[in-house]
Amino acid sequence: MGGGSYDPIASRSRSTTYYQTMSREEVFKQRKIDPEMDPKKITIRESRDSEEHPESFPIIIALDETGSMGHIPELIIKNVLPDIMESILNAGVKDPQVMFMGIGDCCFMEEAPLQVGQFESSDELMEKWLTKVYLEGKGGGNRHESYPLAWYFADRHIVTDAWEKRQQKGVLITIGDESCQKILLKEQLSKYLNDNSEEDIIASGLLESVREKWNVFHIHCNGGSYRASQTNWEKLLGTGLVVSMADDGSDIKDIIPKLILGCYRKPESNE
């Protein structure tokens, strides 16, 4: 995957003339998990170099799809994706490959607490996978969501040429408004990924492992009754790796590029 190139003008045109005229339910049509995004059916996802994109740089944006956070995927597709990509490209990230994930709550018996797209470089394909996310709209009641599922998948089921060829870490960003699930039960990994683990996975230990190949960040929607959960995130990830965004997400178009550009290493010149 990852062919084509990103055209901010074409993407912005669709945002203003197509997506803006649609309701959230019309944009995100899935009423169950899309089979192409079902981690039970996915062995591996790849971010690879090609003649077209010789310096691939993997970016994962994992979106909370529970009831309180559905406005963020809608905001991204309708308003800010062209701005995010234009900022990244103009700053010199030559070959970004973006994957969208959906994250829910596997402790709340959701159908689809993990949904996994493909790494893409073109505007049309990025939008394709983003709009395939099933906004299940559940969660709630236990004050956390299953954000570590994104870490787990990145750690166990993704390979990138950026790391294998250049030891360049990718960027993994979760976006949500709850605290982080502390333990992934082995039964949950079996149910939602068909992975057979001999033991439960502690989030803090998983984070240490995934950080070997990924720069991990969390963007926190810090409004209403969720302010205490940002403190929990900061204790887990560390200072500067958790960023608070406006309740309406209006500043996310600036936050995401800043996080990506802060850890991108430009390729060395061959001259």
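**Notebook: contacts, sheet and helices**

I started at Leu-75. Leaving out residues up to four places away in sequence, Leu-75 touches Val-80, Asp-248, Gly-249, Ser-250 and Ile-252. Contact here means heavy atoms within 4.5 Å. Leu-75 sits in helix H3. Helices are DSSP runs of H or I with at least four residues, strands are runs of E with at least two, and both are numbered from the N terminus. Is Leu-75 buried or exposed? Leu-75 is buried, at a relative accessible area of 14%. The cut-offs are under 20% for buried, over 50% for exposed and partly exposed in between, with a 1.4 Å probe and protein chains only. I also checked Gln-20: it is 55 residues from Leu-75 in sequence, and 9.8 Å away in space, C-alpha to C-alpha.

**Ground rules**

This is a predicted model, in which local features need pLDDT of at least 70 and side-chain atom pairs count only at pLDDT 80 or more, while totals for chains, interfaces and linings use all residues. Residues are numbered from 1 along each chain as its sequence is written, and side-chain values use heavy atoms, with hydrogens and water left out.

**Whole chain**

I counted secondary structure next. The protein has 10 helices and 12 strands. For 271 residues, a compact globule would have a radius of gyration near 18 Å; the protein has 17 Å, which agrees. That radius is taken over C-alpha atoms, and the globule rule is 2.2 Å times the number of residues to the power 0.38. Along the principal axes, the C-alpha atoms fill a box of roughly 50 × 45 × 35 Å. Of the 271 residues, 55% count as buried. Among contacts with a separation of 6 or more, 81% come from residues 24 or more positions apart.

**The sheet**

I traced an open sheet of 6 strands, in the order E4-E3-E2-E7-E11-E12, with mixed pairing. Two strands pair if DSSP finds at least two bridges between them. Which strands stand at the edges? They are E4 (114-116) and E12 (242-245); each has a single partner strand, so one side of each is left without a neighbour in the sheet. Neighbouring strands are turned by 20° against each other on average, direction ignored.

Then I looked at E7 (170-176). E2 and E7 run parallel, paired over 5 bridges. Ile-61 has Ile-173 in E7 as its bridge partner. On to E11 (residues 214-221): 7 bridges join it to E7, and the two run parallel. Ile-175 stands opposite Ile-219 in E11.

How many residues of E7 are buried? I find 7 of its 7. Side chains in a regular strand alternate between the two faces of the sheet. Both faces of E7 are covered, with Gly-170, Leu-172, Thr-174 and Gly-176 buried on one side and Val-171, Ile-173 and Ile-175 buried on the other.

**Helices**

I went back to H3 (residues 71-90), which lies across E2 (56-64), E3, E7 and E12 and runs at about 160° to E3. Axes are lines fitted to C-alpha atoms, for helices over the stretch in contact; angles run from 0 to 180 degrees between N-to-C directions.

H1 (residues 8-17) packs on H3 at about 170°, with the axes 8 Å apart. H1 and H3 are therefore roughly antiparallel. I use these classes: under 35 degrees roughly parallel, over 145 roughly antiparallel, 65 to 115 roughly perpendicular, the rest oblique. Pro-8, Ser-11, Arg-12 and Ser-15 in H1 meet Ile-77, Lys-78, Pro-82, Asp-83 and Glu-86 in H3.

H1 also packs on H4 (residues 123-132), at about 40° and with the axes 9 Å apart. That makes H1 oblique to H4. Ala-10, Ser-11 and Arg-14 of H1 make the contact with Asp-123, Glu-124 and Glu-127 of H4.

H5 (residues 148-157) is mostly covered, with 8 of its 10 residues buried. Among them are Trp-151, Tyr-152 and Phe-153.

**Positive phi**

Most residues other than glycine have a negative phi. I looked at Gln-167, where phi is near 50°. Gln-167 is in the loop between H6 (161-166) and E7, and is partly exposed at 46% relative accessible area. For Asn-194, phi is near 60°. Its place is the loop between H7 (186-193) and E10 (201-202). Asn-194 is partly exposed too, at 47%.
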